[in-house]
Amino acid sequence: MALTKEEQSLLEVQEIDIKLGQVSDGLEKAPHKQRIAAARAKIAEGEKRLALIEAARADLEQKTSELQVEVDEFNGRMKTHQETMQQSSDHRAVENLSKELETLLKQKEKRENEGMNLMEKRAEFGSALTDTAEKVEQLKKIEADEMSAYKAYFTKLKAVHDALMVKRKELLSNVNEETVDSYEKVRKSKNGIGVALYENGKCGGCQVMIPMAQRSAIEAAEGIVTCPSCKRLLIVER
């Protein structure tokens with residue numbers, strides 16, 4: 001015998017709820033999410049590296065500037081000494097100034113060498129900065145592409161979800177409110193399966209063979225009954 005409209009509707013609602021669960025899982029476990037998260041983590045790491053490189057380069061520029069100030073000071077003092085030597089007729093004074101001039105020259109050359117080393121390091125930081133910035137931009141493009149793909153994926157599943165919800169509401173209008181309440185409560189406590197068919201003495205939900213003594217009562221009852229084993233709603237074809 002055929003099922004009643006209410007029974008058939010409830011079974012179809014169950015199938016819809018299974019599909020809705022699959023849609024939810026699809027959204028929750030979308031591979032795009034992991035790839036987006038991975039890209040964002042690498043972007044954050046890259047931006048942190050950029051900040052460190054920029055800070056280090058700025059520090060080098062500051063040190064280079066300070067060294068240049070010292071070199072300029074040495075040049076000024078050396079120029080003064082040279083002018084004094086040219087104007088002086090005191091041999092001893094000229095000799096002392098010459099020694100000081102030699103010392104200043106060595107100090108100046110040392111600062112200039114330090115400055116050259118700093119400039120080389122600054123160039124290295126510049127290359128690292130450019131390379132890291134390019135990688136960050138590539139990662140941002142990957143993230144944007146994944147976001148675009150995820151939005152399209154989400155829109156597709158959302159359309160499926162909405163269509164299923166419309167059909168679900170339509171079907172539930174054929175089911176007694178009390179039965180709907182029972183179904184919802186059981187479904188939440190039974191991994192999403194709230195109703196099953198009774199076939200050949202067995203519950204289609206828990207797959208347990210119902211004792212012979214209880215079968216007669218189940219088969220003789222009118223409407224939707226309850227499985228004595230799993231407590232799911234049980235629909236009996238009569």
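## Hairpin of strands 1 and 2

In this predicted model, strand 1 and strand 2 form a hairpin with two residues between the strands, and Asn-200 takes a positive phi near 55 degrees there. Strand 1 and strand 2 (residues 202-203) run antiparallel and are joined by two bridges. Across this pair, Tyr-198 has Cys-203 of strand 2 as its bridge partner.

Asn-200 lies in the loop that links strand 1 to strand 2. Asn-200 is not a glycine, yet its phi is positive, at about 55 degrees. With a relative accessibility of 74%, above the 50% cut-off, Asn-200 counts as exposed.

## Pairing of strands 1 and 4

Strand 1 (residues 195-199) also pairs with strand 4 (residues 233-236); these two run parallel and are joined by four bridges. Here Ala-196 has Leu-234 of strand 4 as its bridge partner.

The loop between helix 4 (177-189) and strand 1 holds Asn-191. This residue, too, has a positive phi of about 55 degrees without being a glycine. Asn-191 has a relative accessible area of 78% and is therefore exposed, since the cut-off for that class is over 50%.

## Ser-9 in helix 1

Ser-9 belongs to helix 1 (residues 5-28). Its relative accessibility is 4%, so Ser-9 counts as buried, the limit being under 20%.

Which residues are in contact with Ser-9, leaving aside its neighbours within four places in sequence? They are Leu-171, Asn-174 and Val-175.

Technical notes: Residues are numbered from 1 along each chain as its sequence is written. This is a predicted model: local features need pLDDT of at least 70, side-chain atom pairs count only at pLDDT 80 or more; totals for chains, interfaces and linings use all residues. Side-chain values use heavy atoms; hydrogens and water are left out. Two strands pair if DSSP finds at least two bridges between them. Buried means under 20% relative accessible area, exposed over 50%, partly exposed in between (1.4 Å probe, protein chains only). Contact means heavy atoms within 4.5 Å.
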